Amino acid sequence: MVSVGSKALASRRHRSSISVEDCSMGEDKSTYKSARRKNGMSRKAERGGHGGFDRNDTRQNAFGMIDGGSLNAEKKFSKMKSTSTPQTSFIRKQVDPETTKYFTEISNLFESDTVDFEERSVICGNALAEAEGKEFELATDYILSHTMQSLLEGCNVGDLCNFLHGCAKQFPSIAMDRSGSHVAETAIKSLAMHLQDKDAYPLVEDTLTVICKEIVSNPLDVMCNCYGSHVLRSLLHLCKGVSLESSEFHSRKSSKVLAERLNIKAPRPNGDSGFHIGFPESLKLLVFGLLKGARKDVRILQVDQFGSLVIQTILKSLVGQDDELSHIIPILLGCSEKDSVEGNYIQISVVRDVINLMKETAFSHLMEVILEVAPENIFNELFTIVFKNSLLELSSHPCGNFAVQALISNIKYKHQMELLWSEIGTKVGDLLDMGRSGVVASLIAASQRLQTHEQKCCEALVRAVCSTDESPGCIIPRILYVDRYFSCGDKAKWDFPSGVKIHVMGSLILQTVFRYRSELIQLFITSITSMESDHLLEVAKDSSGARVIEAFLNSDAPAKLKRRLVMKLRGHFGELAMQSSSSFTVEKCYNSSNLSLREAIVSELAALQSDLSKTKQGPHLLRKLDVEGYASRPDQWRSKQASRESAYKEFHDTFGSGRSKSLKTEFLADSSKHTSRPKDVKTIMQEIGHHPTSDIPFLSMSGFKGKSEKGKQGGKTYSRPSTDNNIFDGRKKSSKRKRNNDQSENAEAGKRKRKV
């Protein structure tokens with residue numbers, strides 16, 4: 001093994017000079033495939049994601065915008081880029097045969113897996129020393145670059161830093177090469193790994209400073225290169241102290257972003273992704289060096305996909321630094337520093353340009369991040385100066401609608417929701433018809449989060465999918481398959497599409513709707529409980545549909561209506577439990593059932609106990625429902641469950657509010673019988689509108705009058721006052737019952753007679 005290291009030193013002394021081959025650094029973007037796609041550098045064009053981008057025609061998509069033609073925009077980009085300081089060009093030299101043979105031998109040695117850890121580190125150090133003066137050629141060679149990656153992963157921190165010092169001047173060119181970019185990223189990841197040793201910190205910091213200085217001397221080329229952009233973002237996260245493997249580094253999946261925006265999943269704390277204290281000085285040098293270049297080339301970075309990604313990473317690294325963000329964001333929007341006025345950051349003159357830019361993929365991505373990190377004063381100006389009076393225009397656009405979603409998800413006050421509603425609230429049906437269900441979902445989530453316009457949202461959603469003379473049973477299926485329903489030519493003939501995957505956005509909309517108070521969503525409750533058994537089973541088997549059923553079972557709908565839905569799945573709980581996507585639904589059904597239904601569920605699972613124990617989710621479900629206990633001692637299991645149910649009922653009778661009991665009275669009580677058919681939407685609207693237990697005329701045209709008192713709170717978010725009042729009413733009724741139980745029972749009987 002040592003002979004390989006000796007050969008390295010000997011060959012370095014006797015190796016002849018190598019000839020220059022006239023070939024340029026490769027930047028074929030069309031070959032930049034799966035490694036970069038996994039990191040979220042593209043978006044789909046129309047629906048269900050963050051937009052679209054043609055990877056094989058970067059210039060056409062990134063710059064075909066304001067001028068009305070991609071060719072003029074591309075020429076403009078080329079002209080702007082040519083005015084910047086030219087990057088020092090490196091001519092790639094051909095690696096001589098002897099060097100190629102040497103590194104090939106090392107590669108074969110590592111592949112044989114006969115080298116222990118200590119020997120591997122020595123061999124890697126000797127080989128990197130042999131690479132001195134030829135770092136660029138070796139790193140950018142399609143074959144030998146893989147060997148260089150192995151060497152950088154296996155060497156000690158001293159040899160790694162020596163290698164990076166040796167190629168610091170060529171580092172930007174290595175980062176922009178198809179093969180070299182992987183070598184550069186491997187080096188950055190190896191630096192991060194060595195930080196587990198605190199003694200390595202000063203050496204790594206010195207190396208990072210040298211590399212950052214070389215990059216910021218002319219950053220535009222690296223920022224706008226498909227390979228260099230990714231390397232640069234890795235470097236930014238290393239300096240920031242963020243794990244390169246965390247979701248904060250890689251562009252997060254759209255489903256996770258949506259879950260956070262729709263209040264379904266709590267955002268991940270920023271501190272979870274840190275693995276060291278970072279390099280503040282190196283980060284400052286890199287960030288402000290890049291921003292200095294961005295200041296003069298902002299028009300390029302606004303429309304370049306890869307440059308936009310770097311700027312997004314920079315903005316995220318500055319979260320909490322409001323002064324810096326207040327200075328940077330207006331520049332990124334194209335505002336002039338000379339014309340800026342204290343307290344007014346965004347100039348009217350750039351508004352139309354910004355609106356047009358949001359219709360481009362790269363800038364719409366950038367605007368999403370700007371809205372997420374912007375200080376409150378900047379956000380308010382964006383809302384009132386840029387987005388106001390253009391919300392419908394942007395919401396209708398394939399790319400612009402994502403910026404609107406980000407805007408809606410970050411509003412904090414009810415008066416902002418009022419402005420949103422005035423422009424797009426009455427266009428819910430049109431937005432769904434255009435495939436902009438993400439905007440509708442964001443609007444409903446904001447309504448639920450701020451506790452305002454809930455009734456109006458429900459009204460608009462029902463009107464969009466169902467006419468007043470139709471049965472409410474069609475509401476849930478049409479929203480679940482919202483894309484297929486609105487793409488249907490003859491909507492009157494639309495029917496439940498068996499065997500088709502449920503639309504994710506439709507599922508998210510309904511999950512949010514079922515978090516509303518039950519008196520606001522009675523039509524939705526009627527719809528889901530009146531679905532045919534086979535359709536409901538198909539929904540439960542779909543991962544997105546199962547989440548909707550779980551949301552309904554978690555809602556404050558009456559318990560007997562929940563049991564009505566559970567009854568329709570009877571005979572299929574074993575089948576559902578075997579699927580990972582619906583096993584949790586079985587648990588929810590069990591929790592929502594009475595004793596007899598619970599026994600029916602457990603008996604179905606007991607028949608598949610052996611098969612369930614072999615699945616990933618099965619052991620938890622078997623343990624949670626005590627299936628084994630039921631199978632071995634059914635009488636004892638029933639006694640235990642009855643005891644639990646009795647204790648729960650006693651607790652509910654003692655501490656439960658009178659409101660929860662009133663919800664279980666007339667509201668759809670008759671429709672719980674299996675023989676009844678749901679009435680049409682208009683009839684139910686009229687009945688609910690005159691319901692004695694509710695002050696809210698559900699789906700009335702006058703709007704949600706019950707919110708008028710909250711609207712006077714200065715626009716701030718407050719909890720619903722009705723909650724406390726209901727609790728108080730419940731306690732009051734409870735005390736009355738203690739004083740005169742017979743009188744209270746007679747009053748309740750009189751109420752029920754009046755309702756009938």
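I worked from a predicted model, in which local features need pLDDT of at least 70 and side-chain atom pairs count only at pLDDT 80 or more, while totals for chains, interfaces and linings use all residues. Residues are numbered from 1 along each chain as its sequence is written, and side-chain values use heavy atoms, with hydrogens and water left out.

Cysteines. I looked for disulfides (pairs of cysteine sulfur atoms within 2.5 Å) and recorded 0 in the structure. For Cys-458, which is in no disulfide, the nearest cysteine sulfur is that of Cys-457, 7.0 Å away. I then checked burial, where buried means under 20% relative accessible area, exposed over 50% and partly exposed in between (1.4 Å probe, protein chains only). Cys-458 is buried at 1%, and Cys-335 counts as buried at 9% relative accessibility.

Helix H18 with H21. Helices are DSSP runs (H or I, at least four residues) numbered from the N terminus. I took axes as lines fitted to C-alpha atoms over the stretch in contact, with angles from 0 to 180 degrees between N-to-C directions. H18 (residues 305-317) and H21 (residues 361-373) pack at about 5°, with axes 9 Å apart. H18 is therefore roughly parallel to H21, a term for angles under 35 degrees. The contact (heavy atoms within 4.5 Å) includes Ile-311 and Leu-315 of H18 and Leu-366 and Val-369 of H21.

Helix H11 with H14. The axes of H11 (residues 180-194) and H14 (residues 226-240) come within 9 Å and cross at roughly 5°. I noted Ile-188 and Leu-191 of H11 and Val-231 and Leu-235 of H14 among the contact residues.

Terms used
Helices (H or I, at least four residues) and strands (E, at least two) are DSSP runs, numbered from the N terminus. Angles under 35 degrees count as roughly parallel, over 145 as roughly antiparallel, 65 to 115 as roughly perpendicular and the rest as oblique.
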